[in-house]
Amino acid sequence: MKIYLVGGAVRDELLGRPILERDYVVVGSTPEQMEALGYQQVGKDFPVFLHPESKDEHALARTERKQGQGYTGFICDFAPSITLEEDLMRRDLTVNAIARDQDGSLIDPYHGQQDLDARVLRHVSNAFGEDPLRVLRVARFAARYHHLGFTIAPETQALMQHMVDNGELATLTKERVWQEVEKSLKDGAIEVFSEVLASLNALPLVMPWLNDWTGADSQCLKAHIAQLNPQDNDFLLMSFALWQCQAQLDGYNLEQDFKIPKAYCEALRDLQAVLPVLQGAQWQPQTIMQIFGLLDASRRPQRLTLLCKIAKTLSTELANRCDMLTHALSLAANVKAQDVITLGFKGPQIKTEMDKLKLQAIQVLFD
């Protein structure tokens, strides 16, 4: 039995990037032998095991044979006779098909190091065309490594175009598409991801709300996205909500039509609901209270915090108003229900009196 470090860990190590996770391929073993050594099986479609101590994933070397259409329907062979080279051949890109053995030596049968040096994303074999999800993965890698100068090899671009033209992307589930979009959002270069898909005429299939990615409004959105901090914990929500704020969403239900998580959709709805009020000419304590009501800010202050982070990227005026909103919420938080009850108010009167006192507290910001 031989164990090799493979995939992203080797790629990023060679690029001098942080290694976030380590995946291994095991050659010459069986599921029974792995379990006897204390590995825990977690894979359903093919044997993947967790190391008994590090919990790193170890997959048996395998080959795949396509059966049917789409990104599912593969028949896997994980016999002990499968070689490392055979396993690496099934991978998507040459830069992801490099392995390192336990002695530290690199095994690179498909010239991934050469493509890393040349900053080229190139498919390993024509088996790439059997999995339409790889079109999105290449777009995501092109975005992630854009700042390093990576481009897509012409022959890979042509193969991706062929897959799009043949309708392969229509076989992807909405949930799986969103996972790739979300990963690209996290990488912080969603505009490059989208431009790659636009070059393939794939945006109507993957993200129809961004079909006009080359328009003037989209250029404005790209500039806003570039201002965001990828290290922010709310970056995913910020990017998505901002990215969507001028998109044509009529007729779409994002949760149902695109399987986008509820939290993202709520951030977008908050932005759409509050932005007209936040941008309005009338700016007074009642306006602030209206925004607090729209966001249920007293009980869910994180919604206001996220909204302000998004809105601050749009204009200096909105940034100033958001600072006032944040200050106003802290002032309003000093009004306690128990204090109002102590004064003798009951039932619906409690909220009415609390709102009155909150208005008075906020008024100091306008005096």
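Trainee: In what sense do strand β4 and β5 pair, and over how many bridges?

Mentor: Two strands count as paired if DSSP finds at least two bridges between them, and strands (E, at least two residues) are, like helices (H or I, at least four residues), DSSP runs numbered from the N terminus. In this predicted model, strand β4 (residues 48–50) and β5 pair in the antiparallel sense over 3 bridges, with F49 standing opposite H58 in β5. The hairpin of β4 and β5 has 6 residues between the strands, and K55 takes a positive phi near 65° there. Local features need pLDDT of at least 70, side-chain atom pairs count only at pLDDT 80 or more, and totals for chains, interfaces and linings use all residues. Residues are numbered from 1 along each chain as its sequence is written, and side-chain values use heavy atoms, with hydrogens and water left out.

Trainee: Which bridge partners do Y24 and V26 have in β5?

Mentor: Strand β2 (residues 23–27) and strand β5 (residues 57–60) pair in the parallel sense over 4 bridges; in β5, H58 is the bridge partner of Y24, and L60 is that of V26.

Trainee: What is the strand order of the open sheet, and which strands stand at the edges?

Mentor: The open sheet of 7 strands runs β3-β4-β5-β2-β1-β8-β9, with mixed pairing. β3 (40–41) and β9 (106–107) stand at the edges, each with a single partner strand, so one side of each is left without a neighbour in the sheet.
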